[in-house]
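Subject: Structure for you to look at

Hello,

Here is the structure I said I would pass on. Please open it first, then read the notes below it.

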Amino acid sequence: MDICVCIKRYPSLGSAIMLTDDGMAIDTDKLGFTLSPHEECAVEAAVQLKEEHGGTVTLISMGPEGVEEQIREQFAIGADRAIWIRSDSTDIDPQAAAKAIGDAIEADETAFDLILLGSESADNANAQTGVRLAHRLGRPVATAIKGMTIADGVATCERAVGTMREVYRVRLPAVVTVKDGLNIPRYPSVPGRIKARKKPIDEVTGDLDAPSIQLMGLTAPIRESKGAQDLGAGDEAADALVDVMKQIGVLS
Amino acid sequence: MILVYADHDRGELDPLALQVVSAARGLDADVHALIVGPNAEKCVDDLASAGVRTVHHGTNAAIDDYTPRANANAVITVMDRLEPRAVLAAGTPRGSEVLAHVASIKDLPLVTECSEIALTGSGTAEVTRARWGGNLLERSEVSADVLLATVQAHAFAVSEDAGDAQVEAFEVPVTDADLEVSIVERTGAAETGVGLAEAKVVISGGRGMDGPEAFGMLEELADILGGAVGCSRVVTAAGWRPHAEQVGQTGTKVAPDLYIAFGISGATQHIAGCKSAKTLIAVNTDGQAPIMTHADYAVVDNLHTLLPVLIEKARAAQGA
Ligand SMILES: Cc1cc2nc3c(=O)[nH]c(=O)nc-3n(C[C@H](O)[C@H](O)[C@H](O)COP(=O)(O)OP(=O)(O)OC[C@H]3O[C@@H](n4cnc5c(N)ncnc54)[C@H](O)[C@@H]3O)c2cc1C
Ligand SMILES: Nc1ncnc2c1ncn2[C@@H]1O[C@H](COP(=O)(O)O)[C@@H](O)[C@H]1O
């Protein structure tokens, strides 16, 4: 089974978000980069399926110089190769991004049986790239999936809704967008990291349509410290906590 | 005219649909709603009480449960006939999914998680939407003849406007391909942590718990307070607790009266899930941890020595 996983590079936000002076982007000068848990789970699922059914795992990432770092991390847990769609930024209009990713998938030699994405990107939460890609490629799609098994060319997908799970069956080739909690992503091993250095990344240039959503500005709501009241430590703190619990009515 | 896609599960209206109606009424007094499938007629009265005067009910003998692409076809049928200025839905998995199908088929932009929407001209709109789990707000201009948008939960209060709604039934056009993906079965959740989103008290643990064992103490405390146990992603990624208990941007969003964070540093992605708590208490050995800026009360101490004492005192207070 040949699987393709779409991964996006995000700044690792710490405890506060700093914006650039023009307020149009996050100031990433002092930040590292990472993936989203949704996409980490997607890669882990792909690697598990490869282990179970055989086949290959291809990563696709669209973004500027630097995305190689996240690609190599995922090579280390078992992905085989990657397609890097070069673009100026990762902040791409979702319509244009889905089209460029679709173009790259169509142009690739591999006819992927399964394409996995995150249910929503960590930064933009557009929640649409997977569905757009499915239409672009003429394939069925299931979204926001937290459980998946594949047998006889059919993906059985579960979506968590409140206390229940909805089950969808999707015939391959298909697109599935997944959520954190689908599995527990493994950590890369040392041999995995060594192999990762040699795995191939094919670079392609994306053809980007003009965006129909124009960013006007970002604001990070100023979080004024609530000025936490210090309740001390030890027995004294435990007594104070019980008083607070009584005061707000959660302990009678 | 504004069209609201109102989702329901076997006849039970998604309560967020009424918030979407309220968002729509802020744009235009003429709000229509669309419901699809069998049993959907049960939703008509609720929609009417929120100010909807026309409800379009799409059915087809082949649709017996939620079918994303058929629902998208229903939206498109009404869109093509009545040319609404905007189509809105709740920012739920289903609402986003149905509008994403509509957007793909009609090649239109879709803006998600909007907390403010303004129609600024013919074919333009301005929205404010949440990024990074609500830690960042984006203002954007959208160019489209029909604005497709999902509405952030709890950004709009339900407004009442009693009256009747007229129901217009229509047949949803479907092909076999449209029916391919639909709910085939429902199962009970195979995970614990159910009720976290509604819990009045959430007792959460992070990396500072040092392993799964100490969570027994959080369960005890949660039991005494009638609450639920939560955790950070470090905890679920290590397999100490099930993902259903994870609070945050990629976990559950909670809004309890009391949230206690034991050994959690307060990364933005964790705060995204608990910032609506009425009272937040942080227990952390590090008095400078970022969680402290979100806390109403702070205890700078080792959670492992504090918890046994706290449990004993809370139990005694409850018994008294
Ligand atoms: C896109 C994205 C989405 C994410 N989504 C989520 C999400 O939904 N939920 C989530 O939680 N995280 C999420 N994360 C991860 C997040 O960035 C942090 O890594 C995570 O929240 C940190 O967990 P923590 O606070 O338990 O651990 P740490 O950051 O390691 O903090 C541990 C804290 O425990 C304290 N401590 C240690 N020992 C003790 C002790 N004995 N007594 C008291 N205190 C002690 C330390 O001082 C420290 O403050 C996401 C990350 C990304 C990139
Ligand atoms: N620039 C990108 N490169 C690779 N994958 C992407 C990119 N943008 C979005 N995706 C994928 O699409 C998913 C949903 O993104 P979105 O529709 O923006 O919420 C993400 O979780 C990724 O899997």
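Ligand 1 sits in the second largest pocket. A pocket is an open set of points on a 1 Å grid over the protein atoms alone, with protein on both sides within 12 Å along at least five of seven lines. A molecule sits in a pocket or cavity if more than half of its atoms lie within 2 Å of the grid points.

Before the rest, two notes on the source. This is a predicted model, in which local features need pLDDT of at least 70 and side-chain atom pairs count only at pLDDT 80 or more, while totals for chains, interfaces and linings use all residues. Residues are numbered from 1 along each chain as its sequence is written, chains are lettered from A and ligands numbered from 1 in the order in which they are written, and side-chain values use heavy atoms, with hydrogens and water left out.

Ligand 1

The site is shared between chains, because residues from both A and B surround ligand 1. There are 31 residues around this ligand, and B:R207, B:S232, B:S265, B:Q269 and B:N284 come nearest; a residue counts as near if one of its heavy atoms lies within 4 Å. By class, this shell has 9 nonpolar, 18 polar and 4 charged residues. Here Ala, Val, Leu, Ile, Met, Phe, Trp, Tyr, Cys and Pro are nonpolar, Asp, Glu, Lys and Arg are charged, and the others, Gly among them, are polar.

Helix 7 (233-237), helix 8 (268-274) and helix 9 (303-319) of chain B each supply at least two residues of the shell. Helices (H or I, at least four residues) and strands (E, at least two) are DSSP runs, numbered from the N terminus.

The side chain of B:R207 has an N or O atom 2.5 Å from a ligand oxygen, and for the side chain of B:Q246 the distance is 3.0 Å. At B:G263 a backbone N or O atom lies 3.0 Å from an oxygen of ligand 1. On its own, ligand 1 has 990 Å² of accessible area, and the protein covers 82% of that; areas come from the Shrake-Rupley method with a 1.4 Å probe.

Ligand 2 and the largest cavity

Where does ligand 2 sit? Ligand 2 is in the largest cavity, a cavity being a set of grid points where a 1.4 Å probe fits but cannot get out. This cavity has a volume of about 340 Å³, which is the space filled by probe spheres set on the points, joined across faces, edges and corners. Its lining has 24 residues, and A:K8, A:Y10, A:I101, A:S121 and A:T129 are closest to its centre; lining residues have an atom within 4 Å of a point.

Around ligand 2 there are 18 residues, of which A:C6, A:E39, A:S121, A:A127 and A:T129 come nearest. Backbone N or O atoms lie close to oxygen atoms of ligand 2 at A:S121, at 2.7 Å, at A:N126, at 3.0 Å, and at A:Q128, at 3.1 Å. The protein covers 98% of the 480 Å² of accessible area that ligand 2 has on its own. Strand 4 of chain A gives the largest share of the shell, 3 residues.

The second largest cavity

About 40 Å³ of space lies in the second largest cavity. Its lining includes B:Y5, B:D7 and B:D14.

Regards

How values were computed
Polar contact = N/O pair within 3.5 Å; in protein donor to acceptor, adjacent residues only side chain to side chain.
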